[in-house]
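Colleague: I would like to go through this chain with you, one question at a time. Please define your terms as you use them.

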Amino acid sequence: VLELGCGIGRFTRNLANDAAKVFAVDFMKICIDKNDESVGQVYKNVEYIWRDVTELSLPNEQFDFVFSNWLLMYLDDIETQDLAHKMVEWTKPGGYIFFRESCQGGASGDKPRTGLYIYIYINVYICVY
């Protein structure tokens, strides 16, 4: 399993419980460390990669499952397209890609936000993938 934007481990624990190996990626070292404290110390099948996903380079067709949660909304359109292409390349034939996002026009995408969020319409994700 490849988990992109693993954060402090909200989903890493569940993935590690069911997978033989999880590669958990995040660009914030403090999140990697917190994740390792709460998940990695219990599940020895988690390997952490401290890197920006937009700069991540991995071998093709290595993962049965590529997972991300609330990651793409922090990327611009070009970064999202490039990462989507990489996610497809990294996934084994017959594997799965799962991403969960807040979308413009959706329940949380309609609420005013401050920060660096980019809420994209769902149709854009459909076209990208």
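Colleague: Among the elements of the chain, which has the lowest mean pLDDT?

Modeller: The model is predicted, and pLDDT is the predictor's confidence in each residue, from 0 to 100. The elements are DSSP runs, either helices (H or I, at least four residues) or strands (E, at least two), numbered from the N terminus. Strand β3 has the highest mean, 98. The lowest, 55, belongs to helix α4 (residues 122-128).

Colleague: What is the mean pLDDT of the chain?

Modeller: In this predicted model, local features need pLDDT of at least 70 and side-chain atom pairs count only at pLDDT 80 or more, while totals for chains, interfaces and linings use all residues. Residues are numbered from 1 along each chain as its sequence is written, and side-chain values use heavy atoms, with hydrogens and water left out. In this chain 78% of the residues reach 70 or more. The mean pLDDT is 85.

Colleague: Read along the sequence, what pattern does the chain follow?

Modeller: The chain has 4 helices and 5 strands. Taken in sequence order, they give β-α-β-α-β-β-α-β-α.

Colleague: Which percentage of the residues in the chain is buried?

Modeller: Buried means under 20% relative accessible area, exposed over 50%, and partly exposed in between (1.4 Å probe, protein chains only). The chain has 129 residues. The buried share of them is 39%.

Colleague: Helix α2 (residues 29-40) has 12 residues; how far does it span between its end C-alpha atoms?

Modeller: The expected span is 1.5 Å times one less than the number of residues. A straight helix of 12 residues would span 16 Å. Between its end C-alpha atoms, α2 spans only 14 Å.

Colleague: What arc around the axis of α2 do its buried residues cover?

Modeller: The residues concerned are C31, I32, N35, V39 and G40. They lie on the same side of α2 because of the arc they cover. The arc is taken from the directions from the helix axis to the C-beta atoms. Its value is only 110°.

Colleague: What angle lies between the planes of F23 and F63?

Modeller: Rings of Phe, Tyr and Trp (its six-membered ring) pair if their centres lie within 6.5 Å; planes under 30 degrees apart are stacked, over 60 edge-to-face, and the rest tilted. By this rule there are 4 aromatic pairs. F23 and F63 form an edge-to-face pair, 5.6 Å centre to centre. The angle between their planes is 75°.

Colleague: How many residues apart are F23 and F63?

Modeller: F23 is in strand β2 (residues 22-26) and F63 in strand β4 (residues 63-69). F63 counts as buried, at 6% relative accessibility. The pair links distant parts of the chain, and the separation is 40 residues.

Colleague: Why is the pair of F67 and F98 stacked?

Modeller: F67 is buried, at 7% relative accessible area, whereas F98 is partly exposed at 39%. F67 lies in β4 and F98 in β5 (residues 91-100), so the pair ties together parts 31 residues apart in sequence. The ring centres are 5.6 Å apart, and the pair is stacked because the planes meet at 5°.

Colleague: Which ring does the charged end of K29 sit over?

Modeller: A charge sits over a ring if NZ of Lys or CZ of Arg is within 6 Å of the ring centre and within 35 degrees of the ring normal. K21 meets this over the face of F23, at 5.5 Å from the ring centre. For K29 the distance is 5.7 Å, and the ring is that of W50.

Colleague: How far apart are the C-alpha atoms of V66 and L2?

Modeller: V66 is found in strand β4 and counts as buried, at 0% relative accessibility. Beyond residues up to four places away in sequence, V66 touches L2, L4, M87, T91, Y96, I97 and F98. V66 and L2 are 64 residues apart along the chain, yet their C-alpha atoms are separated by 4.8 Å.

Colleague: Which residues is N60 in contact with, leaving aside its neighbours within four places in sequence?

Modeller: N60 lies in the loop between β3 and β4 and is partly exposed, at 43% relative accessible area. N60 and K86, 26 residues apart in sequence, are 8.3 Å apart C-alpha to C-alpha. The contacts of N60 are E89 and W90.

Definitions and conventions: Contact = heavy atoms within 4.5 Å.
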